[in-house]
Amino acid sequence: MRSGIHERLHFLYKFLHAPRQLGSVTPSSRWLAKTMLNAIPWQQMRNLAELGAGTGAITRFIPNEEKTEMNVLLFEKDTDFRQQLRLDYPDRIFHNDCLRLRLALHNSRLEKLDCIVSSLSFRNFSASDRTLYIEQITSSLKEGGWFITFEYFPQMKKELMQHFEIVSAKWVMLNFPPALVYICRKKASTQVKQADHTTSSRDVISVSQVYTER
């Protein structure tokens, strides 16, 4: 694996050339990674996908296949990042386009995912691709499956609530920039239909919690 300094410099170089694709000048911190992954019941996981694996800042905290017998699919668009990830995690399954998530599952002979961890914000996508992104995620997750993501500028909550129960939402201040992590579970089909036919809304858990582990 690359050193932390080399990894950050490489990430910054990539950001300067494609800021919209990366969305940040530095990889996610270990505090952000642990906040995202600590809620996952690993003993129940058989199939998991990480979207936007980048330099592996979150990937390195996902248990390896030997410990869990879990299939892990890593999606990374950048060729250099993906090649390095292949060297660091040879037991993982690699793909380059998260907007073809269902096709990737089909090619891997997997039906549904237990969990999707994403480092991709809505800001990474055009309006049409954003719709496709959500459709690929919801159609790939089993009912009750976990969807865990974060963003720097809150705008995802309303759309997430249409498809997921937001179990928790908390700010991780020990990250640059500070990030808001959403821990979600996919609603049952009946719940989604009911939500489409109601105009009432309800608040989810407060986002005032702050992750401050040192």
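Student: Which residues does Tyr133 touch, not counting residues up to four places away in sequence?

Tutor: This is a predicted model, in which local features need pLDDT of at least 70, side-chain atom pairs count only at pLDDT 80 or more, and totals for chains, interfaces and linings use all residues. Residues are numbered from 1 along each chain as its sequence is written, and side-chain values use heavy atoms, with hydrogens and water left out. Contact means heavy atoms within 4.5 Å. Leaving out residues up to four places away in sequence, Tyr133 touches Leu51, Cys98, Leu99, Ser118, Leu120, Phe122, Phe125 and Phe147.

Student: How many residues does the largest nonpolar core have?

Tutor: A nonpolar core is a set of buried Ala, Val, Leu, Ile, Met, Phe, Trp, Tyr and Cys residues joined through side-chain atoms within 4.5 Å. Buried means under 20% relative accessible area, exposed over 50%, and partly exposed in between (1.4 Å probe, protein chains only). Leu51, Tyr133 and Phe147 have the most contacts inside the largest core, and its residue count is 28.

Student: Which elements give two or more residues to this core?

Tutor: Elements are DSSP runs numbered from the N terminus: helices are H or I of at least four residues, strands E of at least two. Those giving two or more residues are β1, β2, α6, β4, α7, β5, β6 and β7.

Student: Which residue in β4 stands opposite Glu50?

Tutor: Two strands pair if DSSP finds at least two bridges between them. β1 and β4 pair in the parallel sense over 4 bridges. The residue of β4 opposite Glu50 is Val117.

Student: Which residue in β5 stands opposite Ser118?

Tutor: β4 and β5 also form a parallel pair, over 5 bridges. Opposite Ser118, β5 places Thr149.

Student: How many of the residues of β4 are buried?

Tutor: β4 is largely enclosed by the rest of the structure.

Student: Which residue has its backbone oxygen 2.7 Å from a polar atom of the Asn175 side chain?

Tutor: Asn175 is found in the loop between β6 and β7, and at 7% relative accessibility it counts as buried. Apart from neighbours within four places in sequence, Asn175 contacts Ser28, Ser29, Leu32 and Tyr152. A polar contact is a pair of N or O atoms within 3.5 Å; within protein, one must be able to donate a hydrogen and the other to accept it, and residues adjacent in sequence count only if both atoms are side-chain atoms. The backbone oxygen at 2.7 Å belongs to Pro177.

Student: What is omega for the cis peptide bond between Phe176 and Pro177?

Tutor: Most peptide bonds are trans. Pro177 lies in the loop between β6 and β7. The cis bond joining Phe176 to Pro177 has an omega of about -10°.

Student: What is the phi of Arg109?

Tutor: Most residues other than glycine have a negative phi. Arg109 sits in the loop between α6 and β4 and is exposed, with a relative accessible area of 79%. Although it is not a glycine, Arg109 has a positive phi of about 60°.
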